Amino acid sequence: DGFVIGKGQFYEGDKYVYFNGSKDISTKKSIGNNITGILNTETTEIEWYYKIDEDEKFAFFVDKPQANKKYFGVRDSNDTLHLFDRE
């Protein structure tokens with residue numbers, strides 16, 4: 001409730017939204033832009049998320065996340081592709 005998602009991708013027929021967080025200083029409920037995850041639109045709950053390591057404190061996720069039946073991927077500001085198994 002009241003959280004901000006910066007960039008997301010929704011696929012027709014899929015109940016999930018794949019998202020990157022947004023760094024919105026106007027609200028305390030914003031999700032940092034170093035977080036990516038999966039939101040279930042049926043339960044309106046974040047089912048899974050990943051946060052960039054603290055060692056990469058200046059890195060953040062860019063572009064829209066992409067997914068297929070097996071993988072979920074998103075690129076960060078260091079041009080690293082983070083690829084996750086959806087199963």
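Predicted model: local features only at pLDDT ≥ 70, side-chain atom pairs only at ≥ 80, totals over all residues.

Colleague: What makes up the secondary structure, in helices and strands?

Modeller: The protein has 0 helices and 7 strands. Along the sequence the pattern reads β-β-β-β-β-β-β. Helices (H or I, at least four residues) and strands (E, at least two) are DSSP runs, numbered from the N terminus.

Colleague: Why is the pair of tyrosine 18 and phenylalanine 72 called tilted?

Modeller: Rings of Phe, Tyr and Trp (its six-membered ring) pair if their centres lie within 6.5 Å; planes under 30 degrees apart count as stacked, over 60 as edge-to-face and the rest as tilted. Here the centres are 5.4 Å apart and the planes stand at 35°, so the pair is tilted. Tyrosine 18 sits in strand E2 (residues 16-21) and phenylalanine 72 in strand E6 (residues 71-76), 54 residues apart. Both tyrosine 18 and phenylalanine 72 are buried.

Colleague: What makes tyrosine 50 and phenylalanine 84 a tilted pair?

Modeller: Their ring centres are 5.0 Å apart and their planes are at 50°, so this pair is tilted. The pair joins distant parts of the chain: tyrosine 50 belongs to strand E4 (residues 45-51), phenylalanine 84 to strand E7 (residues 81-85), 34 residues apart. The structure holds 5 aromatic pairs. Tyr18, Trp48, Tyr50, Phe72 and Phe84 form one aromatic cluster.

Colleague: Why is phenylalanine 84 called buried? And what about tyrosine 50?

Modeller: Buried means under 20% relative accessible area, exposed over 50%, partly exposed in between (1.4 Å probe, protein chains only). Phenylalanine 84 has 15%, so the label is buried. Tyrosine 50 has 25%, so the label is partly exposed. Across the protein, buried residues make up 34% of the 87 residues.

Colleague: How do you know that asparagine 40 is buried?

Modeller: Its relative accessible area is 2%, so asparagine 40 counts as buried. Asparagine 40 lies in strand E3 (residues 35-40). The side chain of asparagine 40 reaches the backbone nitrogen of glutamate 42 at 2.7 Å. Leaving out residues up to four places away in sequence, asparagine 40 touches Lys15, Tyr16, Glu45 and Glu47. Contact means heavy atoms within 4.5 Å.

Colleague: What makes leucine 81 exposed?

Modeller: The relative accessibility of leucine 81 is 59%, so this residue counts as exposed. Leucine 81 lies in strand E7.

Colleague: Why is phenylalanine 58 called exposed?

Modeller: Phenylalanine 58 has a relative accessible area of 70%, so exposed is the label. Phenylalanine 58 is found in the loop between E4 and strand E5 (61-67). The C-alpha atoms of phenylalanine 58 and asparagine 34 are separated by 8.8 Å, and the two residues are 24 apart along the chain.

Definitions and conventions: Residues numbered from 1 in each chain as written. Heavy atoms only, no water. Polar contact = N/O pair within 3.5 Å; in protein donor to acceptor, adjacent residues only side chain to side chain.
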